[in-house]
Amino acid sequence: MDYVRATHVPQTFLEYVTACIDSTIPVDTVYLDLAKAFDKVPHQRLLLKLKAHGIDGSVYHWIQAWLADRWQRVCLNGSYSTWKQVWSGVPQGSVLGPVLFLIFVNDLDNGLSSKILKFADDTKLFRSVENLMDGSLLQKDLDDVTGWADRWQMQFNVSKCKVVHYGKGSSIIIIA
């Protein structure tokens with residue numbers, strides 16, 4: 001793996017996995033899905049992250065007002081539910097909603113030693129796993145990502161989360 005790390009810095013996940021497999025090094029990948037991610041972002045915690053990113057003043061107050069006092073109801077077969085106040089979520093169908101979501105999940109990978117790719121509410125956590133230590137490091141990173149989700153009041157949709165082992169031999173990943 002030293003050759004792969006030192007002389008070849010792959011630009012894509014596929015290049016990374018291919019380089020490892022070509023070097024007979026297996027790769028374990030954990031595919032994660034945040035449950036109802038765009039609906040679950042807590043407004044007050046999002047506002048904390050906006051401030052931490054240096055967004056303040058008029059822009060901060062405009063976003064705060066835009067998120068505040070939102071109401072929704074459901075229509076099913078022509079019947080409407082009662083109106084309920086919305087305390088979480090980024091408004092979908094807007095340009096700003098996805099940007100706010102990305103700001104909210106931006107620090108998900110802080111302190112991880114494994115590689116990570118994020119796309120909207122999907123996350124791919126992966127690393128070469130040549131020994132028990134590598135598997136333990138991947139497990140630690142998975143625990144850290146799960147801890148992030150708990151701290152920020154988000155949840156993973158466990159039924160959509162998967163572990164895939166690329167390469168020969170059995171996987172060492174522990175995942176509890």
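Reply: Happy to; here are a few labels, each set against its definition. This is a predicted model, in which local features need pLDDT of at least 70 and side-chain atom pairs count only at pLDDT 80 or more, while totals for chains, interfaces and linings use all residues. Residues are numbered from 1 along each chain as its sequence is written, and side-chain values use heavy atoms, with hydrogens and water left out.

Me: What makes Lys-140 and Asp-144 a salt bridge?

Reply: A salt bridge needs a side-chain nitrogen of Lys or Arg within 4 Å of a carboxyl oxygen of Asp or Glu. Here the N to O distance is 2.6 Å, so the pair qualifies. The two residues sit four apart in helix 7, about one helical turn.

Me: Why is Asp-141 called buried?

Reply: Buried means under 20% relative accessible area, exposed over 50%, and partly exposed in between (1.4 Å probe, protein chains only). Asp-141 has 1% relative accessibility, so it counts as buried. Its salt-bridge partner, Arg-127, is buried too, because its value is 11%. Their N to O distance is 3.8 Å.

Me: Why is Lys-118 called partly exposed?

Reply: Its relative accessibility is 32%, so Lys-118 falls in the middle class. Lys-118 forms a salt bridge with Asp-109 at 3.5 Å, and Asp-109, at 27%, is partly exposed as well.

Me: How do you know that Asp-121 has no salt bridge?

Reply: The nearest side chain of opposite charge (Lys and Arg count as positive, Asp and Glu as negative; His and the chain ends are not counted) is Lys-160, 6.4 Å away.
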